[in-house]
Amino acid sequence: MPTTEATDRVQLVFSLFDADGNGFLEPADFELMGNRTVAALPAADEKAGTRLLRAFRRYGDTLLSELDADGDGRISPEEFTAVVLDPQRFDAAVDEFAEALSTMGDVHGDGFVARPDFLALMTAIGFDRPNIEALFEAFGPVDGDRVPVATWADGIRDYYRPEKAGIAGDHLVPGAAR
């Protein structure tokens, strides 16, 4: 059963994925967001950027094939909310996205994401800085103000689990930053 926190996360994700702001999710939104996110971290490995773009595209394609109930080639907020809280339908796409985004932030290839790189990527996606900072702190930064790639990837997966409440990702919802 979806939690209130999960419902808030779904609404936020829809607004961010709607990169062009037209009120619908379309393939162009995922391309725009992917390109914007990759451009935010020019120091990242080119292969990591390509992988992230592919993950954005796959996630968008998966959503479109699963959620476009009326067949109009785009996803309305109602279509998105009605079924996106069924994580088994999206596990593979979310896993790919989580691994690609968190790895993109590991610009030194040491298994960690430094705060500036985390901030750059999350800002490019569209989250608000105070919320991003709160999330980073919730991940428990270690030596050198870094978080493990695996911690961030797991946090992304948790974000898309409707049964989860009180997770680090809830800091991303407006009003949640402390």
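This is a predicted model: local features need pLDDT of at least 70, side-chain atom pairs count only at pLDDT 80 or more; totals for chains, interfaces and linings use all residues.
Next I looked up how the two helices are placed against each other. Two packed helices are described by the angle between their axes and the distance between the axes. For helix α5, which covers residues 91–104, and helix α8, which covers residues 149–159, I wrote down that the axes come within 8 Å and cross at roughly 145 degrees. I also recorded the hand of this crossing, and α5 passes α8 in a right-handed one.

**The whole chain**

I then stepped back and asked how many helices and strands there are in the chain. I counted 8 helices and 2 strands, and, reading along the sequence, I found the pattern α-α-α-α-α-β-α-α-β-α. The radius of gyration of the chain is 15 Å, close to the 16 Å that the globule rule gives for 178 residues, so I noted the chain as being as compact as a globular protein of that length. I also looked up the box that the C-alpha atoms fill, and along the principal axes it comes to roughly 50 × 35 × 25 Å.

For burial, I wrote that 46% of the 178 residues of the chain count as buried. For contacts, I considered those between residues at least 6 apart in sequence, and I found that 66% of them join residues at least 24 apart.

**Helix α1**

I went on to helix α1, which runs over residues 4–17 and has 14 residues. From its first C-alpha to its last, α1 reaches 20 Å, which is close to the 20 Å expected at 1.5 Å a residue. Which residues of α1 are buried? I listed A6, R9, V10, L12, V13, F14, L16 and F17.

I then looked for F112, which is 39 residues away from T151 along the chain, and found that the C-alpha atoms of the two are separated by 9.2 Å.

D154 also lies in helix α8, and at 43% relative accessibility I counted D154 as partly exposed. I compared the position of D154 with that of A69, and I noted that they are 85 residues apart in sequence and 30 Å apart in space, C-alpha to C-alpha.

**Residues outside the helices**

Where is D145 found? I located D145 in the loop between α7 (129–138) and β2 (146–148), and I noted its phi near 55 degrees, a positive value in a residue other than glycine. With 32% relative accessibility, D145 counts as partly exposed.

I then turned to Q88, which is found in the loop between α4 (77–83) and α5. Is Q88 buried or exposed? I wrote down that Q88 is exposed, since its relative accessible area is 53% and the cut-off for exposed is over 50%. Between Q88 and G155, which are 67 residues apart along the chain, I found a C-alpha separation of 17 Å.

My last entry is K164, which has its place in the segment after α8 and which is partly exposed, with a relative accessible area of 29%. I looked back from K164 to T4, and although these residues are 160 residues apart along the chain, their C-alpha atoms are separated by 9.5 Å.

Definitions and conventions: Residues are numbered from 1 along each chain as its sequence is written. Side-chain values use heavy atoms; hydrogens and water are left out. Helices (H or I, at least four residues) and strands (E, at least two) are DSSP runs, numbered from the N terminus. The expected span of a helix is 1.5 Å times one less than its number of residues. Buried means under 20% relative accessible area, exposed over 50%, partly exposed in between (1.4 Å probe, protein chains only). Axes are lines fitted to C-alpha atoms, for helices over the stretch in contact, and angles run from 0 to 180 degrees between N-to-C directions. A crossing is left-handed if the near helix is turned anticlockwise from the far one by less than a right angle, and right-handed if clockwise. The radius of gyration is taken over C-alpha atoms; the globule rule is 2.2 Å times the number of residues to the power 0.38. Contact means heavy atoms within 4.5 Å.
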